[in-house]
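Me: Got a model open here and want to go through its side-chain contacts. Can you take my questions as they come?

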Amino acid sequence: MTPARTTPPQLCSGPAVFLPAAPAPTALETSGARSYLTERNLPHGSIQMPSSTSPDEEVGLETCVLKFSDLDLKESNLINPSNSLKAELDANTKKKYSFAKKKAFALFVKTKQVPAPSLEFKGKWWRCCQQLFADQTSIHRHVATQHAEEVCQQTASVLKQLTAAPSASQSLPSADRKSPPKDCRPPSQEVSAWLPDVSRISPDELSSGQGDEDGEVLLYYCYCDLEDPHRICAWQTALCQLLHLTGKIRIATEGINGTVGGSKVATRLYVEAMLSCPLFKDYLCEEDFKSSKGGAHCFPDLRVGVFEEIVPMGVSPSQISYKNPGIHLSPGEFHKEIEKLLSQANQDRGDTILLDCRNFYESKIGRFQGCLAPDIRKFSYFPSYVDKNLDIFRQKRVLMYCTGGIRCERGSAYLRAKGVCKEVFQLKGGIHKYLEEFPEGFYKGKLFVFDERFALAYNSSVVAECSYCGAPWDQYKLCSTPQCRQLVLTCSACQGQGFTACCVTCQDKGGRQASGPTQDSFKEECECTARRPRIPQEQRA
């Protein structure tokens, strides 16, 4: 999200004279997000546009794909889109190009729409390049003259997507084209039709939320079959930009997984938009959204992307489907199961395993009492961990949990597919929902989150310790060594003595770098991480 500028905006209406200004970068164009965790990574890129076409344009699709097979659409210096792109097109694909450009232009304009500056003004308003526009003609002229290259890049992304994934309507029989399957593909309409009307909301209400008391962070996921994830990507990008939200959203044919931050007004509008969307309204409900104090400042930018999996387990959804998960237990039911488990003597607990599906740095600062917490660094290591430790789970009742529930959906499906467990259960809504009901329950310590906050505190328990002196400590910081980006637990006293790196080796490297030339090739993975076994072998008690 582009930061608010302090320069007073110029009001433009009708044939206004535009001040020369460089176009503000979109959230997806900014880089610099930290890369210390794999789960934080989403590719940057231009806005993905809907690939659906009107019926009279389907005839030109095959020609478009053939003509663009050798055209490099990543070129960013297309000064004159009409000359540069159209030069490669014949009559049929020119029609396709025209359609794609209109789509790109309309969405770009839509993302610049803002509430009226005050109640005395009515109608739609737009803000771009420190200027306010009161009529559509003015904003259209501004975009056409000042942002032609950006519109061209977005147009190219549409054509590239058409090249990579031709419209599904081509592979359908003619009868299916007339009657598309219900809940399979969104209706043929502009993405902007799913955007909320913010004309009656003041700009301050949408752009506030820079403090934890004023803003909110949402966490949610929805497993459901999506026919056209790239169209959802375009809608989500436009929706978040309209509401001034930052965060990360993963979209795939198996569903959507997101965490976004902004003002409470903006997050409420986001939830309403999700619940009213025809693709999700039959699958999502209000309680599927987990909320916590935060805001837009909790994320460096907005990143929306299309992937094979909405949570990276490293196994294709065609092999392990979300449709075969474990039995969902409500927080209350899960609480009773743990209460029963902990009340038994150690020798009587052999029938049940309480399994933490998260990474080691998450369980290190907070976990359920009596859990088995795998020493894995990424969720994509979880399947290999299960394969190497099948004897632990053989003929056992397994109670699984994770942050918000999403990793358990496919993690439990993977474990069930092995056919060694008696039963597999999972905590519905994850630790997040459990702590809302039982803040002083059986979960002790903090809840790790994948944003700038690092962790949420629901109780006063501290279960982690300083890596240097062993004092109780659970506040993560990034390793001070440039480009390392590992998470460090170092207490205030040790920080005061200069111990701010993840290990002694990294600390020495950081000291040498501070006094020597910058090494751009310094590896992200330090030695202490490299020494960690990729897939730990659990020792049975």
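This is a predicted model: local features need pLDDT of at least 70, side-chain atom pairs count only at pLDDT 80 or more; totals for chains, interfaces and linings use all residues.

Me: How many disulfides does the count come to?

Reply: Zero disulfides. Cys-222 is in none, and its nearest cysteine sulfur is that of Cys-224, 3.8 Å away.

Me: Is Cys-222 buried or exposed?

Reply: Buried, at 4% relative accessibility.

Me: Switching to salt bridges. How many does the structure hold?

Reply: The structure holds 15. One of them joins Arg-268 and Glu-216, at 3.5 Å from N to O. Arg-268 is in helix α9 and Glu-216 in strand β5, 52 residues apart.

Me: What about burial for that pair?

Reply: Arg-268 is partly exposed, with a relative accessible area of 31%. Glu-216 is buried at 12%.

Me: Which salt bridge does Glu-362 make?

Reply: Glu-362 meets Arg-407, 2.8 Å from N to O. Glu-362 lies in helix α11 and Arg-407 in helix α14, so the pair ties together parts 45 residues apart in sequence. Glu-362 is buried, with a relative accessible area of 0%. Arg-407 is buried too, at 5%.

Me: And what does Asp-474 form a salt bridge with?

Reply: Lys-446, with the closest N and O atoms 3.3 Å apart. Asp-474 sits in the loop between β17 and β18, and Lys-446 in the loop between β15 and β16, so this pair ties together parts 28 residues apart in sequence. Asp-474 is buried at 7%. Lys-446 also counts as buried, at 16%.

Me: Which residues do shared partners join into one network?

Reply: Glu-216, Arg-268 and Glu-286.

Me: Now rings. How many aromatic pairs are there?

Reply: A search of the whole structure gives 18. Among them is Tyr-221 with Tyr-223, edge-to-face, 5.9 Å centre to centre and 70° between the planes. Ring pairs also link Phe-334, Phe-368, Tyr-401, Tyr-434, Phe-438 and Tyr-443 into a cluster.

Me: Which ring face does Arg-250 lie over?

Reply: That of Phe-307, at 3.9 Å from the ring centre. The charged end of Arg-231 sits over the ring of Trp-194, 5.5 Å from its centre.

Notes. Residues are numbered from 1 along each chain as its sequence is written. Side-chain values use heavy atoms; hydrogens and water are left out. Rings of Phe, Tyr and Trp (its six-membered ring) pair if their centres lie within 6.5 Å; planes under 30 degrees apart count as stacked, over 60 as edge-to-face and the rest as tilted. A charge sits over a ring if NZ of Lys or CZ of Arg is within 6 Å of the ring centre and within 35 degrees of the ring normal. A disulfide is a pair of cysteine sulfur atoms within 2.5 Å. Buried means under 20% relative accessible area, exposed over 50%, partly exposed in between (1.4 Å probe, protein chains only). A salt bridge is a side-chain nitrogen of Lys or Arg within 4 Å of a carboxyl oxygen of Asp or Glu. Helices (H or I, at least four residues) and strands (E, at least two) are DSSP runs, numbered from the N terminus.
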